[in-house]
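Dear colleague,

My notes on what was found in it follow directly after.

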Amino acid sequence: MIRISVSAALCAIALSACAPIGPGQPEDAAPVAANAPTGQIAQGQGAADLSDPALVGAASPPPSARTQEALDTTTSAQRIMAAAPAAPDRASRSLGTTVVSLGSPSEPGFWLKTPLVQTRALGRVAHGANGKSVAVTLIPIDGPATGGSRLSLPAMRLIGASLADLTEVEVLHEG
């Protein structure tokens, strides 16, 4: 007889709704190419406009949504904008690093709920392991600065973070 802990079973059920992207998935669900390394932004290459509501806004997923593709309601254009490097003239400062887990997949858009901010702000999350980053809305939550954070499903997908693991990221304030 196989025994499974309640927490492992709940985790498996929650993650089963998040099927990996693979061949045969809609074109709109394809991942965006990796970001250019800092300091290597080509002249004329698009930069993320964090003031654009299309960057952080998306429709709520339908109640019947059960897969990553159905839960991630961002468009290809929104994903391209979110993955674009920050504008060269935009000041950014590091707020530190945090460990992220998957936030509620039913909450649309690109966001990070973190104790590293006191007020809602525009920012960027960078995954040091692969160099990818994504523009997000930083949303304050209670807790110590050393506490963990929750990252939206679309943002997790763009930076290539595992939906099942905890991932350390750098959080930047943009603006």
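Strand 1 (residues 92-102) and strand 6 (residues 167-174) run antiparallel and are joined by 8 bridges. Strands here are DSSP runs of E with at least two residues, helices are runs of H or I with at least four residues, and both are numbered from the N terminus; two strands pair if DSSP finds at least two bridges between them. Within this pairing, Gly96 has Val171 of strand 6 as its bridge partner, and Thr97 has Glu170.

The model is a predicted one, in which local features need pLDDT of at least 70 and side-chain atom pairs count only at pLDDT 80 or more, while totals for chains, interfaces and linings use all residues. Residues are numbered from 1 along each chain as its sequence is written, and side-chain values use heavy atoms, with hydrogens and water left out.

Strand 1 also pairs with strand 5 (residues 149-151), here in the parallel sense and over 3 bridges. Leu102 stands opposite Leu151 of strand 5. Taken together, 6 strands close into a barrel with mixed pairing, in the order 1-5-2-4-3-6. On average, neighbouring strands of this sheet are turned by 45 degrees against each other, direction ignored (axes are lines fitted to C-alpha atoms, for helices over the stretch in contact, and angles run from 0 to 180 degrees between N-to-C directions).

I would next draw your attention to Lys113, which is placed in strand 2 (residues 111-114). Lys113 counts as buried because its relative accessibility is 16% (buried means under 20% relative accessible area, exposed over 50%, and partly exposed in between, with a 1.4 Å probe and protein chains only). Lys113 lies over the face of Trp111, at 5.0 Å from the ring centre; for this, NZ of Lys or CZ of Arg must be within 6 Å of the ring centre and within 35 degrees of the ring normal. The side chain of Lys113 also makes a polar contact of 2.7 Å with the side chain of Glu107. A polar contact is a pair of N or O atoms within 3.5 Å; within protein, one must be able to donate a hydrogen and the other to accept it, and residues adjacent in sequence count only if both atoms are side-chain atoms.

Finally, Thr74 is found in the loop between helix 3 (68-71) and helix 4 (76-83). Thr74 is buried, with a relative accessible area of 1%, and a polar contact of 2.5 Å joins its side chain to that of Asp72.

With kind regards
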